[in-house]
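Student: Could you walk me through how to read a fold like this one? I'd like the general idea each time, then the case at hand.

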Amino acid sequence: VYALADPRNGEIFYYGSGRGDRLLDHDREASLGVMTPKCIRIREIRKCGLKHEARIVGLFSSKQAAVAFELELIKSAPPGQLTNFQGTLSEAEWVI
């Protein structure tokens with residue numbers, strides 16, 4: 001599980017989980033012009049000549065445990081801080 005943070009203020013703006021080069025996917029998406037709040041924020045950071053920070057916040061032996069931890073982080077963040085989807089999905093729908 002990882003966090004993406006804005007180097008301008010240290011604020012975490014995205015929590016994610018994945019394996020391999022998943023962290024690089026965010027850069028690719030932003031470079032391709034994907035219009036999600038996460039990608040827009042990454043491009044705003046780049047316009048300042050900076051790069052977002054990637055922080056590993058947890059290592060897990062199962063995907064289910066990782067996604068459960070990611071969901072807890074998302075739920076505990078102040079409203080409006082994260083660019084993650086924060087709609088009405090139930091926890092069961094988040095766990096893959």
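Student: Which residue does Ala3 stand opposite in E3?

Tutor: Ala3 stands opposite Arg55. Strands (E, at least two residues) and helices (H or I, at least four) are DSSP runs, numbered from the N terminus. This is a predicted model, where local features need pLDDT of at least 70, side-chain atom pairs count only at pLDDT 80 or more, and totals for chains, interfaces and linings use all residues. Residues are numbered from 1 along each chain as its sequence is written, and side-chain values use heavy atoms, with hydrogens and water left out.

Student: How many bridges join E1 to E3?

Tutor: Two strands pair if DSSP finds at least two bridges between them. Here four bridges join E1 to E3, and the two run antiparallel.

Student: What is the strand order of the sheet?

Tutor: The order is E2-E1-E3, an open sheet of three strands with antiparallel pairing. E2 and E3 (53-56) are the edge strands, each pairing on one side only. On average, neighbouring strands are turned by 25° against each other, direction ignored. For such angles, axes are lines fitted to C-alpha atoms, for helices over the stretch in contact, and angles run from 0 to 180 degrees between N-to-C directions.

Student: Which strands does H2 touch?

Tutor: Contact means heavy atoms within 4.5 Å. H2 packs on the sheet and touches E1 and E2, its direction making about 130° with that of E2.

Student: Which residues of H2 are buried?

Tutor: Buried means under 20% relative accessible area, exposed over 50%, and partly exposed in between, with a 1.4 Å probe and protein chains only. An α-helix has 3.6 residues a turn, so residues three or four places apart point the same way. In H2 (residues 37-47), the buried ones are Lys38, Cys39, Arg41, Ile42, Arg43 and Ile45. Their cover includes strand E1 (2-5), strand E2 (12-16) and helix H1 (22-31). Just after H2, Gly49 takes a positive phi of about 80°.

Student: Is Tyr14 buried or exposed?

Tutor: Tyr14 sits in strand E2 and counts as buried because its relative accessible area is 12%. Leaving aside neighbours within four places in sequence, its contacts include Tyr2, Ala3, Leu4, His26 and Lys38. Tyr14 and Leu4 are 10 residues apart in sequence, yet 5.1 Å apart in space, C-alpha to C-alpha.

Student: And what order do the elements follow from the N terminus on?

Tutor: They run β-β-α-α-β-α-α, with four helices and three strands in the protein. Of its 96 residues, 35% count as buried.
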